[in-house]
Amino acid sequence: MNRLKVFLTSLSFRTGVIVLLCCVPAYVVAFAQMALPFSATMKGILWVLFFGVAKLLQYTGLAILGAEGVKRLKRAMRNRKKSPKMA
C-alpha cells in the first residue's frame with residue numbers, strides 16, 4: 001500500500017487534475033443509465049460498477065494531488081473567478 005501511495009504522489013499535478021476530471025463522466029453515466037430500459041437488477045449492477053469507478057478515480061486523483069495540490073487547485077479556481085473576462 002505504501003508503494004502505491006509513493007507512486008501516485010510521484011505523478012504530476014496535471015495528471016491528478018486529469019484523473020479528477022475523468023471521474024465526472026463516470027458519475028454522469030452512473031446516474032444517467034437509470035433512464036435506460038434495463039431491468040432493476042441490471043441498473044443496480046451498472047450503478048455499482050460506474051459509481052465505484054467514479055469513486056476510484058476521485059480518490060486516486062486526490063492522492064495524486066495531495067494536500068498542496070488541492071490547495072493549488074482551489075487557488076486557481078478562485079483566481080479564475082476573480083479575473084475579468086477577456087473577449
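A contact here means heavy atoms within 4.5 Å. Take the contacts in the protein chain between residues at least 6 apart in sequence: 71% of them join residues at least 24 apart. Keep in mind that this is a predicted model, where local features need pLDDT of at least 70 and side-chain atom pairs count only at pLDDT 80 or more, while totals for chains, interfaces and linings use all residues. Residues are numbered from 1 along each chain as its sequence is written, and side-chain values use heavy atoms, with hydrogens and water left out.

What pattern does the protein chain follow along the sequence? It reads α-α-α, with 3 helices and 0 strands. Both kinds of element are DSSP runs numbered from the N terminus (helices are H or I, at least four residues; strands are E, at least two).

Now for the overall form. The C-alpha atoms fill a box of roughly 45 × 45 × 15 Å along the principal axes. The radius of gyration, taken over C-alpha atoms, is 17 Å, whereas a compact globule of 87 residues would come in near 12 Å. That globule rule is 2.2 Å times the number of residues to the power 0.38.

Finally, look at helix α3, residues 40-82, where Ile-45 lies. Ile-45 is exposed, with a relative accessible area of 52%.

Technical notes: Buried means under 20% relative accessible area, exposed over 50%, partly exposed in between (1.4 Å probe, protein chains only).
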